[in-house]
Amino acid sequence: MSSLESYQRELEIQRRARRLAETQLEDKSRELYQKNQALETALSQLKEQQELLIAKEKQASIGQLSAGLAHEINNPNAFVQSNLESLHKYVVQLTDAIHVLLEKMDKLDAGSAARFSSDFDLNFLVQDASDLIQESVQGTQRIQRIVQGLRYFSQTDHKGDKHFDINICIISTIELLSHEQETQVEIIKQLSVVPDCAGNPTLMSLAIGNILKNASQSHPRSGHITISSQLVGQEIQIRVTDDGDGIQPQDMAKIFEPFYTTKQPSHGLGLTISRAIVRQHDGHIDCSSHPGEGTEICIRLPSTTN
Amino acid sequence: MKGAVFVALQDMIMDEFELDLWHQIIDAVGSDGVYTATLNYDDQELMAIVGEICSRLSLSRADALRHFGRYLFDFLHRGHPMFADSKADFHSFISSIDGVIHLEVMKLDDQARPPKIEVQTRPDGDTRLLYSSERNLCHLAEGLLIGAADHFGINIELEQLCCRLEGAEVCEFRIGKA
(Lines give C-alpha, C1' and ligand atoms only; values in the text may rest on other atoms or scores of the structure.)
Protein backbone atom coordinates (compact mmCIF):
# COMPACT_ATOMS: atom_id res chain seq x y z
CA MET A 1 0.00 0.00 0.00
CA SER A 2 1.44 3.42 -0.92
CA SER A 3 2.06 5.99 1.77
CA LEU A 4 -0.71 8.23 0.38
CA GLU A 5 -3.24 5.39 0.41
CA SER A 6 -2.16 4.54 3.94
CA TYR A 7 -2.75 8.10 5.13
CA GLN A 8 -6.10 8.28 3.31
CA ARG A 9 -7.18 5.11 5.04
CA GLU A 10 -6.04 6.48 8.40
CA LEU A 11 -7.90 9.71 7.75
CA GLU A 12 -11.09 7.73 7.21
CA ILE A 13 -10.47 5.71 10.41
CA GLN A 14 -9.92 8.91 12.42
CA ARG A 15 -13.09 10.48 10.97
CA ARG A 16 -15.09 7.49 12.11
CA ALA A 17 -13.44 7.63 15.53
CA ARG A 18 -14.33 11.34 15.74
CA ARG A 19 -17.97 10.64 14.84
CA LEU A 20 -18.08 8.00 17.55
CA ALA A 21 -16.60 10.48 20.03
CA GLU A 22 -19.14 13.12 18.99
CA THR A 23 -22.01 10.68 19.40
CA GLN A 24 -20.74 9.77 22.84
CA LEU A 25 -20.38 13.45 23.73
CA GLU A 26 -23.96 14.09 22.66
CA ASP A 27 -25.21 11.09 24.66
CA LYS A 28 -23.28 12.21 27.72
CA SER A 29 -24.50 15.80 27.34
CA ARG A 30 -28.07 14.57 27.13
CA GLU A 31 -27.54 12.34 30.15
CA LEU A 32 -26.00 15.25 32.04
CA TYR A 33 -28.92 17.50 31.13
CA GLN A 34 -31.43 14.89 32.30
CA LYS A 35 -29.53 14.32 35.53
CA ASN A 36 -29.36 18.06 36.06
CA GLN A 37 -33.10 18.33 35.51
CA ALA A 38 -33.69 15.50 37.99
CA LEU A 39 -31.40 17.21 40.50
CA GLU A 40 -33.19 20.53 40.07
CA THR A 41 -36.54 18.83 40.61
CA ALA A 42 -35.19 17.04 43.67
CA LEU A 43 -33.75 20.30 45.00
CA SER A 44 -37.03 22.08 44.48
CA GLN A 45 -38.90 19.25 46.25
CA LEU A 46 -36.38 19.35 49.08
CA LYS A 47 -36.83 23.11 49.44
CA GLU A 48 -40.60 22.68 49.49
CA GLN A 49 -40.30 19.94 52.11
CA GLN A 50 -37.90 22.09 54.12
CA GLU A 51 -40.31 25.03 54.02
CA LEU A 52 -43.14 22.73 55.05
CA LEU A 53 -41.08 21.35 57.92
CA ILE A 54 -40.13 24.83 59.09
CA ALA A 55 -43.77 25.89 58.84
CA LYS A 56 -44.90 22.82 60.79
CA GLU A 57 -42.25 23.41 63.42
CA LYS A 58 -43.30 27.05 63.66
CA GLN A 59 -46.92 26.00 63.93
CA ALA A 60 -46.07 23.49 66.65
CA SER A 61 -44.25 26.20 68.61
CA ILE A 62 -47.14 28.61 68.15
CA GLY A 63 -49.46 25.77 69.16
CA GLN A 64 -47.56 25.13 72.37
CA LEU A 65 -47.48 28.83 73.19
CA SER A 66 -51.13 29.25 72.24
CA ALA A 67 -52.25 26.35 74.41
CA GLY A 68 -50.50 27.87 77.42
CA LEU A 69 -51.76 31.37 76.68
CA ALA A 70 -55.31 30.19 76.02
CA HIS A 71 -55.42 28.41 79.35
CA GLU A 72 -53.87 31.31 81.29
CA ILE A 73 -56.12 33.91 79.68
CA ASN A 74 -59.32 31.92 79.61
CA ASN A 75 -59.57 31.35 83.35
CA PRO A 76 -59.18 34.97 84.58
CA ASN A 77 -61.27 36.16 81.64
CA ALA A 78 -64.07 33.82 82.66
CA PHE A 79 -64.25 35.18 86.20
CA VAL A 80 -63.93 38.79 84.96
CA GLN A 81 -66.90 38.06 82.67
CA SER A 82 -68.83 36.48 85.52
CA ASN A 83 -68.02 39.39 87.85
CA LEU A 84 -69.08 41.90 85.23
CA GLU A 85 -72.44 40.14 84.88
CA SER A 86 -72.91 40.29 88.67
CA LEU A 87 -71.75 43.92 88.69
CA HIS A 88 -74.30 44.72 86.00
CA LYS A 89 -77.08 43.22 88.16
CA TYR A 90 -75.80 45.17 91.20
CA VAL A 91 -75.77 48.44 89.24
CA VAL A 92 -79.36 47.80 88.16
CA GLN A 93 -80.35 47.08 91.75
CA LEU A 94 -78.45 50.13 93.08
CA THR A 95 -80.09 52.34 90.44
CA ASP A 96 -83.50 51.08 91.59
CA ALA A 97 -82.53 51.68 95.25
CA ILE A 98 -81.36 55.23 94.46
CA HIS A 99 -84.68 55.99 92.75
CA VAL A 100 -86.59 54.72 95.80
CA LEU A 101 -84.40 56.82 98.11
CA LEU A 102 -84.81 59.92 95.95
CA GLU A 103 -88.60 59.50 95.96
CA LYS A 104 -88.58 59.20 99.77
CA MET A 105 -86.32 62.27 100.09
CA ASP A 106 -88.75 64.29 97.96
CA LYS A 107 -91.66 63.30 100.16
CA LEU A 108 -89.81 64.60 103.24
CA ASP A 109 -88.35 67.67 101.62
CA ALA A 110 -89.64 68.65 98.20
CA GLY A 111 -86.80 69.37 95.72
CA SER A 112 -84.12 67.73 97.87
CA ALA A 113 -83.90 64.71 95.52
CA ALA A 114 -83.10 66.90 92.52
CA ARG A 115 -80.49 68.84 94.49
CA PHE A 116 -78.93 65.63 95.84
CA SER A 117 -78.94 64.05 92.38
CA SER A 118 -77.38 67.14 90.85
CA ASP A 119 -74.74 67.49 93.59
CA PHE A 120 -73.54 63.93 93.05
CA ASP A 121 -74.22 63.82 89.28
CA LEU A 122 -76.21 60.65 89.86
CA ASN A 123 -77.78 60.43 86.40
CA PHE A 124 -74.38 60.51 84.71
CA LEU A 125 -72.87 57.99 87.16
CA VAL A 126 -75.69 55.51 86.67
CA GLN A 127 -75.62 55.82 82.88
CA ASP A 128 -71.82 55.75 82.62
CA ALA A 129 -71.47 52.77 84.99
CA SER A 130 -73.84 50.85 82.77
CA ASP A 131 -71.93 51.85 79.61
CA LEU A 132 -68.57 50.96 81.17
CA ILE A 133 -69.83 47.54 82.17
CA GLN A 134 -71.27 46.98 78.70
CA GLU A 135 -67.95 47.91 77.04
CA SER A 136 -66.03 45.71 79.48
CA VAL A 137 -68.31 42.77 78.69
CA GLN A 138 -67.68 43.32 74.96
CA GLY A 139 -63.95 43.43 75.69
CA THR A 140 -64.02 40.11 77.53
CA GLN A 141 -66.10 38.60 74.72
CA ARG A 142 -63.43 39.69 72.27
CA ILE A 143 -60.76 38.11 74.45
CA GLN A 144 -62.84 34.93 74.48
CA ARG A 145 -63.01 34.89 70.65
CA ILE A 146 -59.24 35.37 70.37
CA VAL A 147 -58.62 32.57 72.85
CA GLN A 148 -61.00 30.33 70.87
CA GLY A 149 -58.97 31.19 67.77
CA LEU A 150 -55.73 30.31 69.53
CA ARG A 151 -57.11 26.85 70.30
CA TYR A 152 -56.86 25.90 66.60
CA PHE A 153 -53.07 26.29 66.71
CA SER A 154 -52.74 23.99 69.68
CA GLN A 155 -54.71 21.19 68.00
CA THR A 156 -52.47 20.03 65.18
CA ASP A 157 -53.73 16.48 64.77
CA HIS A 158 -57.44 16.82 65.05
CA LYS A 159 -58.36 17.02 61.39
CA GLY A 160 -60.22 13.69 61.40
CA ASP A 161 -60.64 11.51 58.34
CA LYS A 162 -64.24 12.01 57.35
CA HIS A 163 -64.91 12.18 53.60
CA PHE A 164 -66.88 15.28 52.75
CA ASP A 165 -68.04 17.28 49.76
CA ILE A 166 -66.21 20.60 49.75
CA ASN A 167 -69.04 22.21 47.74
CA ILE A 168 -71.56 21.46 50.51
CA CYS A 169 -69.04 22.86 52.97
CA ILE A 170 -68.75 26.07 50.87
CA ILE A 171 -72.53 26.48 50.49
CA SER A 172 -73.23 25.99 54.21
CA THR A 173 -70.43 28.43 55.10
CA ILE A 174 -71.91 31.10 52.82
CA GLU A 175 -75.33 30.46 54.36
CA LEU A 176 -73.93 30.93 57.87
CA LEU A 177 -72.07 34.09 56.87
CA SER A 178 -75.12 35.65 55.24
CA HIS A 179 -76.51 36.26 58.74
CA GLU A 180 -73.32 38.00 59.88
CA GLN A 181 -72.59 40.13 56.80
CA GLU A 182 -72.53 43.82 57.52
CA THR A 183 -71.44 44.97 54.07
CA GLN A 184 -73.39 44.54 50.87
CA VAL A 185 -71.09 42.03 49.26
CA GLU A 186 -72.41 39.60 46.68
CA ILE A 187 -70.91 36.12 46.80
CA ILE A 188 -70.87 34.39 43.40
CA LYS A 189 -70.51 30.61 43.44
CA GLN A 190 -68.78 28.78 40.59
CA LEU A 191 -68.67 25.26 41.90
CA SER A 192 -67.68 22.24 39.80
CA VAL A 193 -68.34 18.63 40.71
CA VAL A 194 -65.22 17.50 42.57
CA PRO A 195 -64.22 14.35 44.46
CA ASP A 196 -64.53 14.30 48.24
CA CYS A 197 -61.88 15.68 50.59
CA ALA A 198 -60.76 13.85 53.70
CA GLY A 199 -60.75 15.60 57.05
CA ASN A 200 -62.99 17.69 59.21
CA PRO A 201 -65.75 19.63 57.35
CA THR A 202 -66.44 21.87 60.36
CA LEU A 203 -62.83 23.01 60.47
CA MET A 204 -62.72 23.44 56.71
CA SER A 205 -65.88 25.50 56.91
CA LEU A 206 -64.15 27.71 59.49
CA ALA A 207 -61.13 28.08 57.18
CA ILE A 208 -63.28 29.05 54.19
CA GLY A 209 -65.43 31.32 56.37
CA ASN A 210 -62.40 33.24 57.58
CA ILE A 211 -61.23 33.76 53.99
CA LEU A 212 -64.68 34.93 52.90
CA LYS A 213 -64.91 37.31 55.90
CA ASN A 214 -61.50 38.65 55.06
CA ALA A 215 -62.54 39.16 51.44
CA SER A 216 -65.75 40.95 52.45
CA GLN A 217 -63.77 43.26 54.75
CA SER A 218 -61.71 44.35 51.76
CA HIS A 219 -64.79 46.10 50.37
CA PRO A 220 -65.65 49.39 52.07
CA ARG A 221 -69.35 49.14 51.23
CA SER A 222 -70.22 46.75 48.41
CA GLY A 223 -68.54 44.48 45.93
CA HIS A 224 -68.26 40.97 44.60
CA ILE A 225 -66.61 37.83 45.88
CA THR A 226 -66.32 34.78 43.65
CA ILE A 227 -65.74 31.37 45.15
CA SER A 228 -64.95 28.49 42.84
CA SER A 229 -64.06 24.83 43.17
CA GLN A 230 -62.48 22.57 40.61
CA LEU A 231 -60.37 19.47 40.26
CA VAL A 232 -56.90 20.17 38.87
CA GLY A 233 -54.87 16.99 38.49
CA GLN A 234 -55.17 15.19 41.81
CA GLU A 235 -55.93 18.40 43.74
CA ILE A 236 -59.12 20.18 44.58
CA GLN A 237 -58.66 23.91 44.17
CA ILE A 238 -60.87 26.40 45.97
CA ARG A 239 -60.37 29.98 44.84
CA VAL A 240 -61.81 33.01 46.64
CA THR A 241 -61.48 36.11 44.49
CA ASP A 242 -62.58 39.60 45.48
CA ASP A 243 -62.56 42.92 43.68
CA GLY A 244 -61.70 44.85 46.81
CA ASP A 245 -58.80 47.04 47.85
CA GLY A 246 -56.14 44.38 47.30
CA ILE A 247 -53.06 43.95 49.45
CA GLN A 248 -49.98 46.11 49.26
CA PRO A 249 -46.85 44.17 48.18
CA GLN A 250 -45.08 44.93 51.48
CA ASP A 251 -48.00 43.36 53.40
CA MET A 252 -48.22 40.15 51.35
CA ALA A 253 -45.67 38.25 53.42
CA LYS A 254 -47.50 39.07 56.66
CA ILE A 255 -51.10 38.21 55.85
CA PHE A 256 -50.90 34.70 57.32
CA GLU A 257 -48.99 35.87 60.40
CA PRO A 258 -50.88 35.79 63.71
CA PHE A 259 -52.37 39.09 64.88
CA TYR A 260 -51.56 40.87 61.64
CA THR A 261 -54.50 42.99 60.53
CA THR A 262 -55.21 46.22 58.68
CA LYS A 263 -58.95 46.04 59.32
CA GLN A 264 -60.28 46.81 62.80
CA PRO A 265 -61.99 45.26 64.73
CA SER A 266 -60.48 42.09 63.21
CA HIS A 267 -58.21 40.24 65.66
CA GLY A 268 -55.79 39.19 62.91
CA LEU A 269 -56.11 35.46 63.38
CA GLY A 270 -58.57 34.58 60.60
CA LEU A 271 -56.16 33.78 57.77
CA THR A 272 -53.63 32.29 60.20
CA ILE A 273 -56.29 29.85 61.39
CA SER A 274 -57.30 29.13 57.77
CA ARG A 275 -53.72 28.28 56.87
CA ALA A 276 -53.29 26.08 59.93
CA ILE A 277 -56.48 24.16 59.09
CA VAL A 278 -55.53 23.77 55.40
CA ARG A 279 -52.11 22.45 56.41
CA GLN A 280 -53.71 20.04 58.85
CA HIS A 281 -55.53 18.69 55.80
CA ASP A 282 -52.20 18.27 53.94
CA GLY A 283 -53.14 21.14 51.69
CA HIS A 284 -51.59 24.41 50.57
CA ILE A 285 -52.85 27.96 50.69
CA ASP A 286 -51.53 30.80 48.52
CA CYS A 287 -52.43 34.41 48.02
CA SER A 288 -52.01 36.74 45.07
CA SER A 289 -53.15 40.33 44.98
CA HIS A 290 -53.12 43.50 42.91
CA PRO A 291 -53.62 46.67 44.96
CA GLY A 292 -56.75 48.46 43.85
CA GLU A 293 -57.96 45.47 41.84
CA GLY A 294 -58.50 42.66 44.31
CA THR A 295 -57.11 39.53 45.91
CA GLU A 296 -57.27 35.82 45.24
CA ILE A 297 -56.75 33.15 47.90
CA CYS A 298 -56.28 29.65 46.54
CA ILE A 299 -56.64 26.53 48.68
CA ARG A 300 -55.30 23.27 47.23
CA LEU A 301 -56.44 20.09 48.94
CA PRO A 302 -55.62 16.48 48.09
CA SER A 303 -58.66 14.65 46.76
CA THR A 304 -59.69 11.26 48.11
CA THR A 305 -59.06 9.77 44.66
CA ASN A 306 -55.30 10.04 45.39
CA MET B 1 -10.42 -1.97 28.12
CA LYS B 2 -10.56 1.80 27.67
CA GLY B 3 -10.15 3.06 24.11
CA ALA B 4 -7.33 5.33 25.35
CA VAL B 5 -5.09 2.26 25.66
CA PHE B 6 -5.77 1.26 22.04
CA VAL B 7 -5.14 4.84 20.86
CA ALA B 8 -1.85 4.90 22.79
CA LEU B 9 -0.83 1.58 21.25
CA GLN B 10 -1.56 2.89 17.76
CA ASP B 11 0.40 6.09 18.52
CA MET B 12 3.35 4.02 19.71
CA ILE B 13 3.43 1.92 16.53
CA MET B 14 3.07 5.03 14.36
CA ASP B 15 5.75 6.94 16.32
CA GLU B 16 8.26 4.12 16.44
CA PHE B 17 7.50 2.27 13.19
CA GLU B 18 5.13 3.08 10.32
CA LEU B 19 1.47 3.75 9.86
CA ASP B 20 1.37 0.89 7.38
CA LEU B 21 2.53 -1.58 10.04
CA TRP B 22 -0.42 -0.53 12.24
CA HIS B 23 -2.83 -1.13 9.35
CA GLN B 24 -1.30 -4.56 8.73
CA ILE B 25 -1.73 -5.40 12.44
CA ILE B 26 -5.38 -4.37 12.61
CA ASP B 27 -6.11 -6.13 9.33
CA ALA B 28 -4.51 -9.30 10.70
CA VAL B 29 -6.68 -9.24 13.85
CA GLY B 30 -9.82 -8.25 11.93
CA SER B 31 -10.27 -4.85 13.58
CA ASP B 32 -11.53 -1.74 11.79
CA GLY B 33 -9.05 0.30 13.88
CA VAL B 34 -11.68 2.86 14.92
CA TYR B 35 -10.87 3.59 18.58
CA THR B 36 -12.20 6.42 20.70
CA ALA B 37 -10.41 7.09 23.98
CA THR B 38 -13.51 7.28 26.17
CA LEU B 39 -15.27 4.15 24.89
CA ASN B 40 -14.65 0.60 26.07
CA TYR B 41 -13.41 -2.21 23.81
CA ASP B 42 -12.96 -5.94 24.17
CA ASP B 43 -9.88 -6.98 26.18
CA GLN B 44 -9.31 -9.83 23.73
CA GLU B 45 -8.94 -7.33 20.88
CA LEU B 46 -6.06 -5.63 22.72
CA MET B 47 -4.45 -8.99 23.45
CA ALA B 48 -4.78 -9.97 19.77
CA ILE B 49 -3.12 -6.71 18.67
CA VAL B 50 -0.30 -7.17 21.21
CA GLY B 51 0.11 -10.77 20.01
CA GLU B 52 0.34 -9.59 16.40
CA ILE B 53 2.93 -6.93 17.36
CA CYS B 54 4.99 -9.59 19.15
CA SER B 55 4.87 -11.88 16.15
CA ARG B 56 5.77 -9.19 13.61
CA LEU B 57 8.54 -7.63 15.74
CA SER B 58 9.79 -10.91 17.25
CA LEU B 59 9.15 -9.73 20.81
CA SER B 60 7.99 -11.65 23.84
CA ARG B 61 4.56 -10.69 25.24
CA ALA B 62 6.23 -9.49 28.44
CA ASP B 63 8.74 -7.28 26.58
CA ALA B 64 6.10 -5.86 24.28
CA LEU B 65 3.80 -4.97 27.20
CA ARG B 66 6.66 -3.56 29.27
CA HIS B 67 7.73 -1.36 26.36
CA PHE B 68 4.18 -0.26 25.73
CA GLY B 69 3.67 0.45 29.45
CA ARG B 70 6.56 2.89 29.45
CA TYR B 71 5.09 4.65 26.38
CA LEU B 72 1.60 4.55 27.90
CA PHE B 73 2.74 6.45 31.00
CA ASP B 74 3.86 9.41 28.86
CA PHE B 75 0.69 9.21 26.77
CA LEU B 76 -1.55 9.28 29.85
CA HIS B 77 0.54 11.97 31.54
CA ARG B 78 0.16 14.26 28.51
CA GLY B 79 -3.62 13.94 28.79
CA HIS B 80 -3.85 14.12 32.57
CA PRO B 81 -0.70 15.82 33.90
CA MET B 82 -2.29 16.78 37.25
CA PHE B 83 -1.93 13.29 38.76
CA ALA B 84 1.87 13.14 38.56
CA ASP B 85 2.45 16.90 38.77
CA SER B 86 0.64 17.08 42.09
CA LYS B 87 3.02 14.55 43.65
CA ALA B 88 6.44 15.38 45.01
CA ASP B 89 8.10 12.08 44.21
CA PHE B 90 7.78 8.67 42.63
CA HIS B 91 6.74 6.95 45.86
CA SER B 92 3.92 9.37 46.63
CA PHE B 93 2.77 9.07 43.04
CA ILE B 94 2.55 5.26 42.98
CA SER B 95 0.87 5.35 46.39
CA SER B 96 -1.87 7.54 44.90
CA ILE B 97 -2.66 5.30 41.93
CA ASP B 98 -5.42 3.28 43.57
CA GLY B 99 -6.94 5.95 45.81
CA VAL B 100 -6.78 8.88 43.39
CA ILE B 101 -6.26 7.92 39.75
CA HIS B 102 -8.43 4.81 39.71
CA LEU B 103 -11.06 6.63 41.71
CA GLU B 104 -11.21 9.34 39.03
CA VAL B 105 -11.42 6.65 36.34
CA MET B 106 -14.42 5.14 38.13
CA LYS B 107 -16.08 8.56 38.37
CA LEU B 108 -15.98 8.88 34.59
CA ASP B 109 -16.93 5.29 33.84
CA ASP B 110 -18.57 3.11 36.45
CA GLN B 111 -18.11 0.11 34.14
CA ALA B 112 -14.31 0.49 34.21
CA ARG B 113 -12.34 -2.31 35.88
CA PRO B 114 -9.01 -0.79 36.92
CA PRO B 115 -6.48 -3.10 38.61
CA LYS B 116 -6.07 -3.13 42.37
CA ILE B 117 -2.74 -1.59 43.33
CA GLU B 118 -1.36 -1.68 46.84
CA VAL B 119 1.93 -0.07 47.82
CA GLN B 120 3.68 -1.27 50.95
CA THR B 121 6.76 0.12 52.63
CA ARG B 122 8.67 -2.58 54.43
CA PRO B 123 10.61 -1.96 57.67
CA ASP B 124 13.87 -2.48 55.74
CA GLY B 125 12.93 0.45 53.47
CA ASP B 126 11.95 -1.72 50.52
CA THR B 127 8.86 -0.78 48.58
CA ARG B 128 6.53 -3.52 47.47
CA LEU B 129 3.77 -3.03 44.91
CA LEU B 130 1.00 -5.58 44.74
CA TYR B 131 -0.88 -5.72 41.45
CA SER B 132 -4.09 -7.61 41.03
CA SER B 133 -6.27 -7.66 37.94
CA GLU B 134 -8.32 -10.25 36.08
CA ARG B 135 -6.58 -9.01 32.92
CA ASN B 136 -3.18 -10.12 34.25
CA LEU B 137 -1.33 -7.23 32.61
CA CYS B 138 1.44 -7.10 35.22
CA HIS B 139 4.07 -6.50 32.53
CA LEU B 140 2.17 -3.47 31.35
CA ALA B 141 2.10 -2.28 34.98
CA GLU B 142 5.86 -2.82 35.13
CA GLY B 143 6.33 -0.63 32.05
CA LEU B 144 4.09 2.05 33.58
CA LEU B 145 6.24 2.01 36.74
CA ILE B 146 9.39 2.47 34.65
CA GLY B 147 7.69 5.32 32.77
CA ALA B 148 6.77 6.95 36.09
CA ALA B 149 10.32 6.58 37.38
CA ASP B 150 11.59 8.22 34.16
CA HIS B 151 9.13 11.06 34.73
CA PHE B 152 10.38 11.67 38.28
CA GLY B 153 13.99 11.37 37.08
CA ILE B 154 14.98 8.35 39.11
CA ASN B 155 16.35 4.92 38.27
CA ILE B 156 14.61 2.00 39.88
CA GLU B 157 15.32 -1.67 40.19
CA LEU B 158 12.20 -3.71 39.57
CA GLU B 159 11.96 -7.33 40.53
CA GLN B 160 8.78 -9.31 40.11
CA LEU B 161 8.63 -11.64 43.08
CA CYS B 162 5.55 -13.54 42.07
CA CYS B 163 3.00 -13.51 39.27
CA ARG B 164 -0.65 -14.36 38.91
CA LEU B 165 0.17 -15.98 35.56
CA GLU B 166 2.24 -18.47 37.54
CA GLY B 167 -0.50 -19.20 40.02
CA ALA B 168 0.14 -16.52 42.67
CA GLU B 169 -2.79 -14.67 44.20
CA VAL B 170 -1.33 -11.26 43.29
CA CYS B 171 1.64 -10.05 41.27
CA GLU B 172 4.24 -8.61 43.64
CA PHE B 173 7.03 -6.23 42.66
CA ARG B 174 10.00 -5.19 44.74
CA ILE B 175 10.96 -1.63 43.89
CA GLY B 176 14.45 -0.60 44.87
CA LYS B 177 16.54 2.40 43.96
CA ALA B 178 19.19 1.60 41.36
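**View 1. Helices H1 and H2 of chain B pack against each other.** In this predicted model, helix H1 (residues 3-16) of chain B packs with helix H2 (residues 19-29) of chain B at an angle of about 135°, their axes being 7 Å apart. That angle makes H1(B) oblique to H2(B), since angles under 35 degrees count as roughly parallel, over 145 as roughly antiparallel, 65 to 115 as roughly perpendicular and the rest as oblique. Axes are lines fitted to C-alpha atoms, for helices over the stretch in contact, and angles run from 0 to 180 degrees between N-to-C directions. Helices (H or I, at least four residues) and strands (E, at least two) are DSSP runs, numbered from the N terminus. Gln10(B), Ile13(B) and Met14(B) of H1(B) meet Leu19(B), Leu21(B), Trp22(B) and Ile25(B) of H2(B), where contact requires C-beta atoms, placed from the backbone, to lie within 7 Å.

Residues are numbered from 1 along each chain as its sequence is written, and chains are lettered from A and ligands numbered from 1 in the order in which they are written. Because the model is predicted, local features need pLDDT of at least 70 and side-chain atom pairs count only at pLDDT 80 or more, while totals for chains, interfaces and linings use all residues.

**View 2. An open sheet in chain B has 4 strands.** The strands follow the order E1-E2-E4-E3 with antiparallel pairing, two strands being paired if DSSP finds at least two bridges between them. Strand E1 (116-121) and strand E3 (156-162) of chain B stand at the edges with a single partner strand each, so one side of each is left without a neighbour in the sheet. From one strand to the next, the twist averages 25°. E3(B) is joined by 6 bridges to the antiparallel strand E4 (residues 171-177) of chain B, and Ile156(B) stands opposite Lys177(B) in E4(B).

**View 3. Helix H8 (residues 138-151) of chain B packs on the sheet.** The buried residues, among them Leu144(B) and Leu145(B), pack against helix H4 (61-79), helix H6 (90-95), E2, E3 and E4 of chain B.

**View 4. Strands E6 and E7 of chain A form a hairpin.** Strand E6 (residues 284-290) of chain A pairs with E7(A) in the antiparallel sense over 7 bridges, and Gly292(A) in the turn has a positive phi of about 90°.

Notes: Contact = placed C-beta atoms within 7 Å. Buried ≥ 20, exposed ≤ 12 C-beta atoms within 10 Å, placed from the backbone.
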